[in-house]
Amino acid sequence: MTVRRPLIAANWKMNGDRELVTMMAATLQCIDSSHEILICPPVIFLSDFPKSTQYRLGAQNVSSEKAGAFTGEISADMIRAAGAEYVILGHSERRCLFAETDATVLQKAQQALRVGITPIICFGETLSERQQEKTMWVLAQHLDAVYAAQPDLLAESVIAYEPVWAIGTGLTATPEQAQQVHSFIRQHLARINADAAAKVRILYGGSVNADNWPTLFSQPDIDGALVGGASLKPAEFAAICQMAKE
Ligand code: PGA
């Protein structure tokens, strides 16, 4: 059986301040968890986190370009220098609000890998796609656009399944709905590389909190969480990090 180390990732989005950095770092310093814990704050706060073996750091975005005249952009080398080991890519907010496509995600993933940063690539269906029973079809299109286009990415990335209708809405996929999609993703990717598909970590994201996490996490193909709102509350995020996989 393949053992996948759970990853619990915090996506602060455009929230937080130095006080939250201090509180989160102090809270995580005291917990006992065998999971990998990741904090993705706004990039400006990365270097404010004290170095620790208790957590890793990530960014929420990176430029698709290496360097040069791209006002406002931040390169993979720069986020790496600030302490990022991961980067969230293709989040639905980036896709919807900033017109990011799978092609952009692929370019950004290439930049991240060039400097040894692991991409966490997000995929999910909208409510209307789910209602029209197109969930698996939509996911297959996105997965192929990224992983069939660059098969070696599968062994070097993390996937996050985030149903768009569950993000920040308080609605969550049921554990059964989430497991069905996670299992579909793994099976679909097995056609590209069965060994890498068995090993890739697939996180669930969308209104995860300390109450709903135990039942979601008990599903066999849910290997961790991408937590938004609840990751801004150090005690609640710490509780999620400490929940064991049943
Ligand atoms: P949420 O956000 O937990 O607030 O729904 C998750 C995410 O967008 O990554």
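What volume does the largest pocket have? The largest pocket has a volume of about 570 Å³, a volume being the space filled by probe spheres set on grid points joined across faces, edges and corners.

The model is predicted: local features need pLDDT of at least 70 and side-chain atom pairs pLDDT 80 or more, whereas totals for chains, interfaces and linings use all residues. Residues are numbered from 1 along each chain as its sequence is written, and side-chain values use heavy atoms, without hydrogens and water.

The largest pocket is lined by 21 residues, of which M14, Q60, N61, R94 and F98 lie nearest its centre. Helix α3 (residues 92-97) gives the most to this lining, with 3 residues; helices (H or I, at least four residues) and strands (E, at least two) are DSSP runs numbered from the N terminus.

The strands form a closed barrel of 8, in the order β1-β2-β3-β4-β5-β6-β7-β8, with parallel pairing (at least two DSSP bridges between two strands). From one strand to the next, the twist averages 25°, with angles running from 0 to 180 degrees between N-to-C directions of axes fitted to C-alpha atoms, for helices over the stretch in contact.

Strands β2 (residues 36-40) and β3 (residues 56-59) are joined in parallel by 2 bridges, and L38 stands opposite R56 in β3. Strand β7 (residues 202-205) likewise runs parallel to β8 (residues 224-227), with 2 bridges, and G205 has L226 in β8 as its bridge partner.

Methods. On a 1 Å grid over the protein atoms alone, a cavity is a set of points where a 1.4 Å probe fits but cannot get out, and a pocket is an open set with protein on both sides within 12 Å along at least five of seven lines; lining residues have an atom within 4 Å of a point.
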